[in-house]
Amino acid sequence: MRIYDIITKKKQGISLSYEEIKFTIDGYMDGRIADYQMSALLMAICLKGMDESETNFLTECMLKSGETVDLSQFGELSIDKHSTGGVGDKTTLIVAPIVAALGCKVAKMSGRGLGFTGGTVDKLESLTGYISSQSADAFFTQVDKIGISVVGQSGNLAPADKKLYALRDVTATIDSIPLIASSIMSKKLASGAHNIVLDVKCGSGAFMKTVDSARELAKAMVKIGTGFGKRMRALVTDMDIPLGVAVGNRTEVWEAVQILSGKGEQRLTELCVSLATEIASLALNLDTGSAKAMVKNAISGGLALNKMKEWILAQGGDISYISEPSKLLESPYKKSFVAKSEGYISGIMADGVGRASMLLGAGRAQLGDKIDYTAGIIFKKGYGDYVHSGEEIATLQSATNSFDQCESELYKALTVSCEKPRAKKLIFDVI
Ligand code: URA
């Protein structure tokens with residue numbers, strides 16, 4: 001077999017066999033296939049696509065390139081959730097303790113963020129003392145005992161995806177549905193959960209810009225997971241405007257505590273309840289009506305918030321942040337971001353808000369950059385609200401007293417108009 005022939009075949013739009021895909025992934029991992037050859041193949045895949053079998057083969061080869069986590073000791077109760085990412089997305093911090101409180105087993109590996117804000121692990125590490133690396137023994141024991149552990153992603157899960165993703169990132173070959181689906185699913189399958197719920201985002205702050213493309217990606221991932229014997233569900237949800245009122249790291253933990261206390265913003269609450277409902281219904285074999293009632297009770301009865309405390313404590317974090325959430329909003333510097341004119345807020349572009357939060361120090365521009373945990377944005381007004389000139393739209397906070405660039409980015413992201421905008425849909429589809 002020669003990689004040259006495989007590239008030619010894909011360039012002509014012909015499907016690749018399992019043996020050809022395995023030859024390519026194995027060869028790329030052991031250095032027999034060079035970056036320039038892999039780049040050519042990735043571009044051919046972007047332009048010609050891959051059918052269902054090829055996508056499954058690629059997923060399987062990337063999955064088998066590294067370690068896999070065995071969660072079979074938790075029977076059918078193990079769960080995982082994945083969001084394709086967006087601005088203000090703190091759903092894992094909320095959904096994980098809810099479903100753990102209901103008896104699901106959350107043995108979760110999460111990523112660090114590169115971009116707008118930190119990832120879930122960064123947000124958790126913003127709680128002083130939180131330890132995101134555990135031995136396998138400690139990880140399984142904690143999940144067994146309290147139903148939840150969230151640690152950093154091991155580099156040994158699907159290493160072929162890691163190497164390929166880095167190459168895709170610099171060769172304009174990210175935006176291919178089969179490549180994205182196999183990339184995400186190889187890591188999810190390697191993480192071992194029996195039930196997987198995906199939150200596939202669409203809109204300005206997501207890499208899928210339209211509902212149709214997000215739906216296509218969701219269907220592709222559900223198909224892959226089902227084919228590997230997993231119980232799968234995917235929600236297609238909006239990421240045109242930021243999720244909830246907080247963007248940042250500690251600020252997002254603050255909002256998670258608000259939602260778990262039943263005092264959170266309505267859209268984020270609705271999304272978290274829906275995700276937790278889908279997870280509970282899959283893992284506990286419940287109809288969605290009963291699952292939803294249990295999820296709502298776990299929030300209103302305080303079970304989910306208690307589970308969050310138990311979890312953070314088990315991983316060494318300071319739970320006074322959870323008991324006194326106002327501590328999560330402490331910051332050396334704060335500034336009010338105010339409306340320049342009067343009218344309804346008819347647009348808050350999520351990507352612009354993401355860039356603004358990064359300018360405050362909440363995200364990383366490069367791997368290894370240090371995050372300012374106190375940096376973030378708390379919106380006081382949201383999409384559809386009326387604002388008067390000079391009225392506060394958001395509070396900005398940061399460890400450094402420089403807000404100008406962030407403010408100009410936020411003004412660009414904001415549209416204020418005379419007419420009240422139509423309500424935005426949150427959940428487009430459940431697959
Ligand atoms: N996230 C992933 O893990 N992989 C992709 O290809 C895109 C987003």
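1. Helix axes are here lines fitted to C-alpha atoms over the stretch in contact, and the angle between two of them runs from 0 to 180 degrees between N-to-C directions. On that basis, in this predicted model, the axes of helix α3 (residues 35-48) and helix α8 (residues 159-170) come within 10 Å and cross at roughly 75 degrees. Angles of 65 to 115 degrees count as roughly perpendicular, so α3 is roughly perpendicular to α8.

2. The residues that form this crossing can be named. On the α3 side they are D35, M38, S39 and L42, and these meet L164, L167 and R168 of α8. Sorted by class, the contact of α3 with α8 comprises 4 nonpolar, 1 polar and 2 charged residues.

3. Helix α5 (residues 91-101) and helix α14 (residues 303-314) have axes that come within 8 Å and cross at roughly 105 degrees. The orientation of α5 relative to α14 is therefore roughly perpendicular. Helix α5 contributes L93, P97, I98, A100 and A101 to the contact, while α14 contributes L303, A304, K307, M308 and W311. The residues of this contact of α5 with α14 comprise 9 nonpolar and 1 charged, with no polar residue.

4. The chain as a whole may be described next. The chain holds 17 helices and 13 strands. Its radius of gyration is 22 Å, close to the 22 Å that the globule rule gives for 431 residues, so the chain is as compact as a globular protein of that length. Taken along the principal axes, the C-alpha atoms fill a box of roughly 65 × 45 × 40 Å.

5. Of the 431 residues, 55% count as buried. Among contacts in the chain with a separation of 6 or more, 78% are between residues 24 or more positions apart.

6. Residue Q397 belongs to strand β11 (residues 392-398). Its relative accessibility is 1%, and because buried means under 20% relative accessible area, Q397 counts as buried. Leaving aside neighbours within four places in sequence, the residues in contact with Q397 include T251, L328, E330, Y333, L360, T374 and F403. A polar atom of the Q397 side chain lies 2.9 Å from the backbone oxygen of T374.

7. Residue S204 is located in the loop between β4 (195-202) and α10 (211-227). S204 has a relative accessible area of 10% and is therefore buried. Not counting residues up to four places away in sequence, S204 touches K209, M239, D240, M349, A350 and D351.

8. A172, in the loop between α8 and α9 (177-190), has a phi near 55 degrees, a positive value in a residue other than glycine. Exposed means over 50% relative accessible area, so A172, at 61%, counts as exposed.

9. The other is N285, which lies in the loop between α12 (266-283) and α13 (288-300). Although N285 is not a glycine, its phi is positive, at about 55 degrees. N285 is exposed, with a relative accessible area of 57%.

Key: Residues numbered from 1 in each chain as written. Predicted model: local features only at pLDDT ≥ 70, side-chain atom pairs only at ≥ 80, totals over all residues. Heavy atoms only, no water. Helix = DSSP H or I, 4+ residues; strand = E, 2+ residues; numbered from the N terminus. Buried < 20%, exposed > 50% of the residue type's maximum accessible area, 1.4 Å probe, protein only. Contact = heavy atoms within 4.5 Å. Polar contact = N/O pair within 3.5 Å; in protein donor to acceptor, adjacent residues only side chain to side chain. Parallel < 35°, antiparallel > 145°, perpendicular 65-115°, else oblique. Nonpolar A, V, L, I, M, F, W, Y, C, P; charged D, E, K, R; others polar. Rg over C-alpha atoms; globule rule 2.2 N^0.38 Å.
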